[in-house]
Amino acid sequence: MDNDCLFCRIVAGEIPATVVHETDTTLAFRDIDPKATVHVLVIPKTHYADVVALAQDPAAAADVLAAAAAVAENDGLTAGGFRILFNTGAHAGQEVFHVHAHVLGGEPLGPMLAIR
Ligand code: AMP
């Protein structure tokens, strides 16, 4: 655990979150500032800074994707469709450097990017 990491502290129970799904290796909780009707963050419990670091551990990456799919299923997103994204680095505006999949849905999401 990284004591300076917000999401490690959520995993440790030191900061509250609205948890919607949990496995031995992953935690999913609602985004505090939702950008869609459904906006859930799925994280590995182990600290990886971003998706590039997570990809070095294929089993952990698979667990995150499986958890994201379960969240979409549980929140009723699979019929209408949904989006999973990993903001990575400065150009993507990554704010929290503990990798997280954004699961977004519950309404038409519009174009993939706000620009263009
Ligand atoms: P990113 O820009 O991809 O790093 O996304 C970070 C996300 O974390 C943003 O969508 C924030 O709204 C969200 N966030 C920040 N703090 C919390 C928190 N305490 N609980 C839940 N979501 C949070």
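User: Is C8 buried or exposed in this model?

Analyst: Happy to start there. This is a predicted model, in which local features need pLDDT of at least 70 and side-chain atom pairs count only at pLDDT 80 or more, while totals for chains, interfaces and linings use all residues. Residues are numbered from 1 along each chain as its sequence is written, and side-chain values use heavy atoms, leaving out hydrogens and water. Buried means under 20% relative accessible area, exposed over 50% and partly exposed in between, with a 1.4 Å probe and protein chains only; at 2% relative accessibility, C8 is buried.

User: How many disulfides does the whole structure have?

Analyst: A disulfide is a pair of cysteine sulfur atoms within 2.5 Å. C5 is itself buried, at 5% relative accessible area, and its closest cysteine sulfur, in C8, is 3.8 Å away, so it is too far for a bond. A search of the whole structure therefore ends with a count of zero.

User: Which geometry does the aromatic pair of F7 and F29 have?

Analyst: Rings of Phe, Tyr and Trp (its six-membered ring) pair if their centres lie within 6.5 Å; planes under 30 degrees apart count as stacked, over 60 as edge-to-face and the rest as tilted. By this rule there is one aromatic pair. The ring centres of F7 and F29 are 5.3 Å apart and their planes stand at 80°, so the pair is edge-to-face.

User: How many residues apart in sequence are the parts that this pair ties together?

Analyst: Helices (H or I, at least four residues) and strands (E, at least two) are DSSP runs, numbered from the N terminus. F7 is buried at 5% relative accessibility, and F29 is buried at 4%. F7 belongs to helix 1 (residues 6-11) and F29 to strand 2 (residues 26-30), so the pair joins parts whose separation in sequence is 22 residues.

User: Which are the edge strands of the sheet?

Analyst: Two strands pair if DSSP finds at least two bridges between them. Five strands form an open, antiparallel sheet in the order 1-2-3-5-4. Each edge strand pairs on one side only, and these are strand 1 (19-22) and strand 4 (82-85).

User: What angle does helix 3 make with strand 3?

Analyst: Contact means heavy atoms within 4.5 Å, and helix 3 (residues 58-74) packs on the sheet, touching strand 1, strand 2, strand 3 (38-44), strand 4 and strand 5 (101-105). Axes are lines fitted to C-alpha atoms, for helices over the stretch in contact, and angles run from 0 to 180 degrees between N-to-C directions. On that scale, the direction of helix 3 and that of strand 3 make about 155°.
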